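Trainee: I have a model open and would like to go through it with you. Can we take it piece by piece?
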Amino acid sequence: MDTEPLSPDATGFARAASVLQGGGLVSFPTETVYGLGADARQDKAVARIFEAKNRPTFNPLIVHVADVAATKRYVHWNDMADRLAAAFWPGPLTLVLPLRDDSGLSPLVTANLPTLAIRVPEHPVAQALLSTFDGPVAAPSANPSGKISPTRAQHVINGLSGRIEAVVDGGDCGVGVESTILGLFDEPTLLRPGGLPQEAIEAALGRPVVIRSEADPLMAPGQMLSHYAPGASVRLNAVEIVNGERLLGFGKVDGATLNLSAAGDLTEAAANLFHHLHALDADGDAPIAVSPIPDHGLGRAINDRLRRAAAPRDT
Ligand code: TXA
Ligand code: MG
């Protein structure tokens with residue numbers, strides 16, 4: 001299969017929508033990372049996502065829609081969802097809510113869970129594609145399973161070319177880490193730190209969120225510990241470089257091969273994170289050392305991704 005590059009214009013969006021309607025896979029940019037989209041109502045199309053990514057099938061997917069009204073066709077809504085949608089959608093927040101019986105979605109999307117992860121992305125290309133397609137798009141990050149999430153079209157092509165029908169090139173993703181996932185159960189529960197800081201969610205809700213621990217089986221399923229892994233080994237919280245390591249720096253550090261943010265800005269660091277990991281991955285096998293990253297705001301999402309990059313590998 002040849003992967004068709006599509007431009008972010010009316011012709012490209014129409015072509016992308018028709019590929020989705022035909023059960024094909026289209027990668028498209030969101031403000032967080034590039035997604036690998038399929039029509040969420042078509043089982044075969046959704047199954048092809050798992051196939052293309054080599055993704056374990058127990059890992060459920062996020063559904064993307066163009067606006068808040070469209071989400072209500074698929075999930076049961078509540079007051080917390082109202083507040084959060086008003087404050088943060090479109091944007092880098094995914095809400096997990098009870099799935100409607102009449103959602104019409106493929107059960108593969110939710111891996112048979114009674115809940116659905118859904119979000120309204122802000123990126124103009126994602127918005128235009130979703131409006132043109134006018135249906136629910138299931139989309140994990142557009143990387144082979146276990147690899148670094150893509151933040152530009154070339155990353156998608158490097159990882160998935162020949163395995164998917166098309167990629168809409170919308171340039172670099174601004175946020176650079178995946179959406180924050182919040183379960184709206186009895187208590188609002190942080191399932192994955194991400195592009196929207198926990199503090200902002202707590203301010204909008206006027207209450208603290210519960211944090212699921214890695215060990216908790218109710219944690220967002222499929223959040224495997226080893227993930228986002230470059231080929232080289234990764235050592236965290238490095239204050240000095242040893243044994244030919246390459247330093248991925250943060251803040252004012254000497255001898256960094258690349259720096260996430262020389263100014264110590266967490267937003268800039270998040271936007272650079274996957275770009276820099278990709279660049280280091282492309283540039284050899286020497287071990288990677290990473291400077292300490294403050295564990296607040298977007299720093300939590302960055303540290304979460306870095307811990308996965310550093311975790312012991314399955315293979
Ligand atoms: O920013 C993002 O969220 C990107 C862009 C493309 O939108 N998407 C993304 O999808 O990161 P993915 O598949 O790589 O991560 C989705 C996460 C998985 O860890 C999955 O386990 C969790 O969402 N998830 C999906 N449905 C869930 C559910 N019903 N309950 C709990 N967790 C769920
Ligand atoms: Mg992913």
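Trainee: Where is valine 33 placed?
Mentor: Valine 33 sits in the loop between strand E2 (26-29) and strand E3 (34-39). Helices (H or I, at least four residues) and strands (E, at least two) are DSSP runs, numbered from the N terminus. This is a predicted model, where local features need pLDDT of at least 70 and side-chain atom pairs count only at pLDDT 80 or more, while totals for chains, interfaces and linings use all residues. Residues are numbered from 1 along each chain as its sequence is written, and side-chain values use heavy atoms, with hydrogens and water left out.

Trainee: Is valine 33 buried or exposed?
Mentor: Valine 33 counts as buried because its relative accessibility is 5%. Buried means under 20% relative accessible area, exposed over 50%, and partly exposed in between (1.4 Å probe, protein chains only).

Trainee: Which residues is valine 33 in contact with, leaving aside its neighbours within four places in sequence?
Mentor: Among them are Phe28, Ser141, Ser149, Pro150, Thr151, Cys173, Val177 and Phe274. Contact means heavy atoms within 4.5 Å. The C-alpha atom of valine 33 is also 7.8 Å from that of arginine 152, and the two residues are 119 residues apart along the chain.

Trainee: At what angle do the axes of H9 and H10 cross?
Mentor: Roughly 25°, and the axes come within 9 Å. H9 is therefore roughly parallel to H10. Angles under 35 degrees count as roughly parallel, over 145 as roughly antiparallel, 65 to 115 as roughly perpendicular and the rest as oblique. Axes are lines fitted to C-alpha atoms, for helices over the stretch in contact, with angles from 0 to 180 degrees between N-to-C directions.

Trainee: And how do H1 and H6 pack?
Mentor: Helix H1 (residues 10-21) and helix H6 (residues 124-133) pack at about 55°, with axes 9 Å apart. H1 and H6 are therefore oblique to each other. Their contact has 9 nonpolar, 2 polar and no charged residues.

Trainee: What comes in the loop between H6 and strand E7 (137-138)?
Mentor: Aspartate 134 is found there. Aspartate 134 has a positive phi of about 60° although it is not a glycine. At 59% relative accessibility, aspartate 134 counts as exposed.

Trainee: New topic. Which residues of H8 are buried?
Mentor: In helix H8 (residues 198-205), they are Gln198, Ile201 and Leu205. Those buried residues fall within an arc of 60° seen down the axis, so they line one face of H8. The arc is that of the directions from the helix axis to the C-beta atoms.

Trainee: What covers them?
Mentor: The cover includes helix H4 (79-88), strand E5 (93-98) and helix H10 (298-310).

Trainee: Which peptide bond is cis at proline 90?
Mentor: The one from tryptophan 89 to proline 90, with omega near -5°. Proline 90 is in the loop between H4 and E5.

Definitions and conventions. Chains are lettered from A and ligands numbered from 1 in the order in which they are written. Ala, Val, Leu, Ile, Met, Phe, Trp, Tyr, Cys and Pro count as nonpolar, Asp, Glu, Lys and Arg as charged, and the others, Gly among them, as polar.
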